[in-house]
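Hi everyone, thanks for coming. I'd like to walk you through one model and stop at a couple of places along the way.

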Amino acid sequence: MNLTDIMTEFLALAKSSDCKRLCVAYSGGLDSQVLLVLLNSLNQGEDCIPLDAIYINHNLQKDSTKWGDHCRAVCKSLNIPFQQIDVDATPENGESPEEKARTVRYQALSADLQKDHWLLTAQHSEDQAETFLLQLMRGSGVDGLSAMPYRRQQCAGEHLRPLLKASKQQIKEYAAEQNLHWVDDPSNQDLTIVRNYLRNKVMPSLKNVWPESARMIERS
């Protein structure tokens with residue numbers, strides 16, 4: 001299934017579920033850029049669902065304000081309502097920086113969710129494979145090894161991951177076809193962060209032997 005088919009299927013689900021608002025968690029990075037642009041291109045016509053975007057500024061990177069400016073400009077060009085929320089993601093002593101950032105991010109994204117509102121994030125199949133491996137190395141049970149759900153309750157609304165069955169390669173190809181521009185967070189190259197180590201070291205090695213490893217992990 002190609003990327004457009006995946007998103008078309010998602011929109012059909014949203015419309016059949018009487019969803020009243022689609023809110024994209026928009027970082028300005030490659031994945032959320034593609035999610036927002038593709039969704040906007042398909043969500044047209046009289047039966048379109050109101051769509052908006054939220055950028056969470058964690059204030060952890062020197063360029064985070066510039067990334068917010070990029071997100072605002074893209075949304076303005078697409079006529080998509082945009083909101084920036086500034087949060088304090090500084091971890092306490094002994095607290096994981098990644099977990100702290102994730103916690104405050106979802107708190108901010110969920111604050112205004114109401115019934116029939118869907119929060120959309122841009123995780124894809126490789127993200128799912130990484131999550132599975134992280135849970136495996138933590139000794140998680142069946143619930144943990146199920147990794148990220150496609151759809152779950154999020155405060156008063158719901159949280160969905162429309163690209164979860166899409167590959168990173170499909171996302172890159174769409175971005176190239178559409179000549180999209182996005183921001184690159186340098187912290188994604190920090191190998192002291194376990195997920196980054198998996199993404200940059202472990203997954204490429206797995207793919208060298210098993211090219212469909214991410215898809216096989218997703219199936220499992």
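**A buried asparagine, a helix and a pocket**

So, Asn43 is buried, at 5% relative accessible area; buried means under 20% with a 1.4 Å probe, protein chains only. Before I go on: this is a predicted model, where local features need pLDDT of at least 70 and side-chain atom pairs count only at pLDDT 80 or more, while totals for chains, interfaces and linings use all residues. Numbering runs from 1 along each chain as its sequence is written, and side-chain values use heavy atoms, with hydrogens and water left out.

Where does Asn43 sit? In the loop between helix 2 (30-42) and strand 2 (51-57); helices (H or I, at least four residues) and strands (E, at least two) are DSSP runs, numbered from the N terminus. What does Asn43 touch? Leaving out residues up to four places away in sequence, Leu11, Cys48, Ile49 and Leu51, with contact meaning heavy atoms within 4.5 Å. A polar atom of the Asn43 side chain also lies 2.6 Å from the backbone oxygen of Ile49.

Now helix 2. Eleven of its 13 residues are buried, among them Leu30, Asp31 and Asn40.

Last stop, the second largest pocket. Here a pocket is, on a 1 Å grid over the protein atoms alone, an open set of points where a 1.4 Å probe fits, with protein on both sides within 12 Å along at least five of seven lines; lining residues have an atom within 4 Å of a point. Helix 9 gives the most to that pocket's lining, with three residues.

Note on methods
Buried means under 20% relative accessible area, exposed over 50%, partly exposed in between (1.4 Å probe, protein chains only). A polar contact is a pair of N or O atoms within 3.5 Å; within protein, one must be able to donate a hydrogen and the other to accept it, and residues adjacent in sequence count only if both atoms are side-chain atoms.
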